[in-house]
Amino acid sequence: MTDKTTTQQHQAYERIHATDDFQELRRRYRGFAFPATVAFMVWYLLFVVSANWLPGFMKTPLVGNVNVAFMFGILQFASTFLIAWLYARHANSALDPIAGRLDDEYRQEVAQ
Amino acid sequence: MTGTVLAQGQQGNQTLTVTLFLAVVAVTLYITWWASRKNQTTADYYAAGRSFSGVQNGLAISGDYMSAASFLGISGLIALYGYDGFLYSIGFLVAWLVALLLVAELLRNSGRFTMADQLAYRMRQRPVRTAASTSTVVVSIFYLLAQMVGAGALVGLLLGVDSPVLKNGVIVLVGALMIIYVTIGGMRGTTWVQIVKAVLLMSGTLLVTVLVLMKFNFNISELLGAAANATGKGQAFLEPGLLYGAKGFLGQVDFVSLALALVLGTAGLPHILIRFYTVPTSKAARTSVLCAIGLIGSFYLMTIALGFGAAALLDTTSETSRIADSGGNLASPLLAEAVGGGEGSVGGAVLLALIAAVAFATILAVVAGLTLTSASSFAHDLYANVIKRGAVSEKQEVNAARIAAFCIGTVAIVLSIYAQRLNIAFLVALAFAVAASANLPALIYNLFWRRFTTTGATWSIYGGLLSAVGLVFFSPVVSGAENSLLPNADFAWFPLNNPGIISIPLGFFFGWLGAVLFPDRASRDKHNELEVRSLTGAGAEAAIQH
């Protein structure tokens, strides 16, 4: 199994883990992923709860036969697309450069 | 279904449909043969040499995910229950954010072929692999049943025959094809089948959607109004409550339970997880999910038009309604026929046959993905690492996977023949509940919790799995109600159809409890390694070159 790492690999991982670069990468990743997860879960559950227990609000007509319930559903699609796009932007600009640098360091260290 | 004109129309239609079915079969078999020439190593067989691009994999993920339950089941539920059917698709889409934000990239960097690889990285191999493999096979079998039941119903409609012998024949045929794709084509063949299917499905759905919207001058409000009128349910058809609200408070809690399983299940579905291994980097895994979110989101938006369109244009309420009789599964194909010109017209026949072929391709692609997933887990986790403790050659391992695919396919065929009365979207919801309760807690803890241990991992998987399956067993799904699997028995004490609201917290609870009661130094020490590897890709499996 290649799942077992060599001592050299283990040391390289440990060293990288201790660097400021890595701590910053982890902070930036979690700083986006965790709040975003909480946000979309709350927003989705709000939708589920409204569908169940706020019938008066959900049936409010907006335009023609389009009511709040329908719009709320469409907004769930929109928010999903939006969060996905924001994460992609964040990952490209704030995560990938550090991750790439650390990956290179690891390769050099282990190749020696 | 009487009258000679109808019968003749149907005959022409049958020929056309069967021809298109055979075309789908021929194309997919060719792909399988072509892909098989490159299958040499385990990385080829399980992960297609990690050589697919992000966009290709995004298409394949969509092809793997948008099952017959999406295509036939959701539009059918909308056609019958209006707004409440639409609730399904929202959960199915939002769920992808869990995969995007928390799972896809980290998993790509830290695993090799199966879901268990990622756990085995810092845990004791044998117990976690056994557990993860068990839940992989259970989830995949639930999901497989849903797909194959859909295949039976579909062909019954297309040939205008309601013969159990024919339905069973179709199930056997689909099963045989999926066994061929998986044993010969491996992941590369399966992926291409899924890509072709995704393109067919998106094009077919777009075509019918445009034709439906044309009838309503591209005015959504007009479409909704027509659906509300035609069903005789009025505005209630456009509001929540017809499906879940009708059963009072319990129905509402059941709905919350379903919603949780849908949103948390996707990122724990083994057949989705292993797709992330088919790309060369974590960045490509991210692109795959972004692409999949775009495709799947657009598809579910279109199912709104299909579902409400079927409600507006077809008979969904009368005693003789074929849509109601099929639990909604026939709404999309019949709608295609109607917007193509109606029953008996050439356009109607062509569209019906076309959509049927798309649905057929859909089923084939998804069942292949599921069979490959179970076979991979069986061969890689159980056979190679648990039973043989890693002492197998790549060739032996791939052979074991092929034999496993054959056995799993056969079991699925036999089980499907007995599960034909259940709505397929509902069967899929059960698979999601197990994935959310058993797999997701272990994956999340493993990635983000330093003190997680081997015992925690096995307890969360077995705890979540047994809670979800056990609660369903004692629910009205299995006994005690008119539409239960065993309508004549009654041992149901759990009132909800969906176990998620209890079983998901239980999965997380057991994982926490196991880790706290049995601390384990080795898995804690490996967490730094896993963190670096999952976030930076350092030391991750690379693509192989041919």
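View 1. Ile274(B) lies in the loop that runs between helices α11 (270–273) and α12 (282–313) of chain B, where helices are DSSP runs of H or I with at least four residues, numbered from the N terminus. Leaving aside residues up to four places away in sequence, Ile274(B) touches Phe113(B), Thr114(B), Thr373(B) and Ser376(B), contact meaning C-beta atoms within 7 Å.

**View 2. Helix α1 (residues 7–18) of chain A.** Ala12(A), Tyr13(A), Ile16(A) and His17(A) are the buried residues of α1(A), and they fall within an arc of 135° seen down the helix axis, so they line one face; the arc is taken over the directions from the axis to the C-beta atoms. Thr7(A), Gln8(A) and Ala18(A), on the other side of α1(A), are exposed. The cover over the buried residues includes α2 (20–53) and α4 (68–111) of chain A, together with α21 (527–536) of chain B.

**Notes.** Residues are numbered from 1 along each chain as its sequence is written, and chains are lettered from A and ligands numbered from 1 in the order in which they are written. In this predicted model, local features need pLDDT of at least 70 and side-chain atom pairs count only at pLDDT 80 or more, whereas totals for chains, interfaces and linings use all residues.

Note on methods
Helices (H or I, at least four residues) and strands (E, at least two) are DSSP runs, numbered from the N terminus. The expected span of a helix is 1.5 Å times one less than its number of residues. A residue is buried if 20 or more other C-beta atoms lie within 10 Å of its own, exposed if 12 or fewer, and partly exposed in between; C-beta atoms are placed from the backbone. Two residues are in contact if their C-beta atoms, placed from the backbone, lie within 7 Å.
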